[in-house]
Amino acid sequence: MHICYIIAMQAEAQPFIDAFNVKEQEGAFAPLPCRLYQAEPKAGKKLSIVTLGRQHERDLVGCEAASVATLAAVEKLHPDLVVNSGTCGAWARKGADIGKVYVADSVMFHDRRVPGDDDWDTQGLGNYPVWEGSMELAEKLALETGKVTTGSSLDLQPCDEVIIEREGGELKDMEGAAVAFVCSLTGVPVMLVKSVTDLCDDSAPTLEAFLKNLHLASERLAEVNRKAVELLLS
Ligand code: ADE
């Protein structure tokens, strides 16, 4: 069994990297910027953590970098399961709180519109399958589940909110559907584990809340992911 995590930012991944004492495999994806950390917690059971790397003096985030990293990881590592883990926005009125961790029961894009062509519009939104074991794992870890919707922006535009509300979105991120898209093409099961940094129905500016709560949310993610890996590799 080989589990490969795709985690966008180093700050989101670091507490998890520390918990498993994974070692960086320098230059594993060169010339791509994504970085690979690996460990073998038990004989024949592998854990890989892939972060997206950096460009323009910032950690890469978003769909393009997530797709590149996921495809590179799938082609090089042949994992049995991909887990996209990271932070997200969510809504207090839907029960969310800062640092609360969820497992995705479904995942789609919310900012890809093709008005006038239902088939392309449907393709744009994606609605990719998540790993069939996701719900059982959420139950074992006593985590709530919810729909992840992905877009290319941290802010929330009214036209995106219309789609999120119509589709029952609960967790807003910038990578989940891109990772799931690549997994749907390559036939690798995917699970999503997300921790809330900011509340979309709060008046605090999103970036401010995201930066303020990034450490807490990443620590909570690491706690959950440590237990998830122990269960999955047991
Ligand atoms: N990641 C963390 N918070 C987010 C938000 N509000 N939107 C998209 N991605 C996020």
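This is a predicted model: local features need pLDDT of at least 70, side-chain atom pairs count only at pLDDT 80 or more; totals for chains, interfaces and linings use all residues.
Figure 1. Val 229 touches Tyr 5, Phe 16, Phe 20 and Leu 47, leaving out residues up to four places away in sequence. Val 229 is part of helix α7. The relative accessible area of Val 229 is 1%, so the residue is classed as buried. Leu 211 is 18 residues from Val 229 along the chain, and the C-alpha atoms of the two are separated by 27 Å.

**Figure 2. Packing of helix α1 against helix α7.** Helix α1 covers residues 10-20 and helix α7 covers residues 206-232. The two helices pack at an angle of about 40°, and their axes are 8 Å apart. α1 and α7 are therefore oblique to each other. Their crossing is right-handed. On the α1 side, the contact is made by Ala 11, Glu 12, Pro 15, Phe 16, Ala 19 and Phe 20. On the α7 side, the residues are Leu 214, Ser 218, Glu 219, Ala 222, Asn 225, Arg 226 and Val 229. By class, the residues in the contact of α1 with α7 are 8 nonpolar, 2 polar and 3 charged.

**Figure 3. Packing of α2 against helix α6.** Helix α6 runs over residues 176-186, and α2 packs against α6 at an angle of about 35°. The axes of α2 and α6 are 8 Å apart. The crossing of α2 and α6 is right-handed. From α2, the residues in contact are Cys 63, Ala 66, Ser 67, Thr 70, Leu 71 and Val 74. From α6, they are Ala 178, Val 179, Val 182, Cys 183 and Thr 186. The contact of α2 with α6 has 8 nonpolar and 3 polar residues, and no charged residues.

**Figure 4. Val 83 in strand β7.** Val 83 has a relative accessibility of 0% and therefore counts as buried. Apart from residues up to four places away in sequence, Val 83 touches Ile 3, Cys 4, Tyr 5, Ile 6, Met 191 and Val 193. Thr 150 is 67 residues from Val 83 along the chain, with 15 Å between the C-alpha atoms of the two.

**Figure 5. Lys 172 in strand β10.** Strand β10 consists of residues 171-173. Is Lys 172 buried or exposed? With a relative accessibility of 7%, Lys 172 counts as buried. Setting aside neighbours within four places in sequence, Lys 172 is in contact with Cys 88, Gly 89, Trp 91, His 110, Thr 149, Ser 153, Leu 154, Asp 155, Leu 156, Ile 164 and Cys 200. Asp 121 is 51 residues from Lys 172 along the chain, and their C-alpha atoms are separated by 19 Å.

**Figure 6. Cysteines and the disulfide count.** A disulfide is a covalent bond between the sulfur atoms of two cysteines. The cut-off used for such a pair is 2.5 Å between the sulfur atoms. By this rule, the count is 0 disulfides. For Cys 88, the closest cysteine sulfur is that of Cys 200, at 8.3 Å, which is too far for a bond. Cys 88 is buried because its relative accessibility is 3%. Cys 159 is in no disulfide either; its nearest cysteine sulfur belongs to Cys 200 and is 14 Å away. Cys 159 has a relative accessible area of 37%, so this residue is partly exposed. Cys 88 and Cys 200 are both among the contacts of Lys 172.

**Figure 7. The cis peptide bond between Ala 30 and Pro 31.** The omega angle of the bond joining Ala 30 and Pro 31 is about 5°. Pro 31 sits in the loop between β2 (23-24) and β3 (35-42).

**Figure 8. Positive phi at His 78 and Asn 127.** His 78 is not a glycine, yet its phi is positive, about 50°. This residue is in the loop between α2 (63-77) and β7 (81-90). The relative accessibility of His 78 is 59%, so His 78 counts as exposed. Asn 127, which is not a glycine, has a positive phi of about 50°. Asn 127 lies in the loop between α3 (118-125) and α4 (134-140). With a relative accessible area of 40%, Asn 127 is partly exposed.

How values were computed:
Residues are numbered from 1 along each chain as its sequence is written. Side-chain values use heavy atoms; hydrogens and water are left out. Axes are lines fitted to C-alpha atoms, for helices over the stretch in contact, and angles run from 0 to 180 degrees between N-to-C directions. Helices (H or I, at least four residues) and strands (E, at least two) are DSSP runs, numbered from the N terminus. Angles under 35 degrees count as roughly parallel, over 145 as roughly antiparallel, 65 to 115 as roughly perpendicular and the rest as oblique. A crossing is left-handed if the near helix is turned anticlockwise from the far one by less than a right angle, and right-handed if clockwise. Contact means heavy atoms within 4.5 Å. Ala, Val, Leu, Ile, Met, Phe, Trp, Tyr, Cys and Pro count as nonpolar, Asp, Glu, Lys and Arg as charged, and the others, Gly among them, as polar. Buried means under 20% relative accessible area, exposed over 50%, partly exposed in between (1.4 Å probe, protein chains only).
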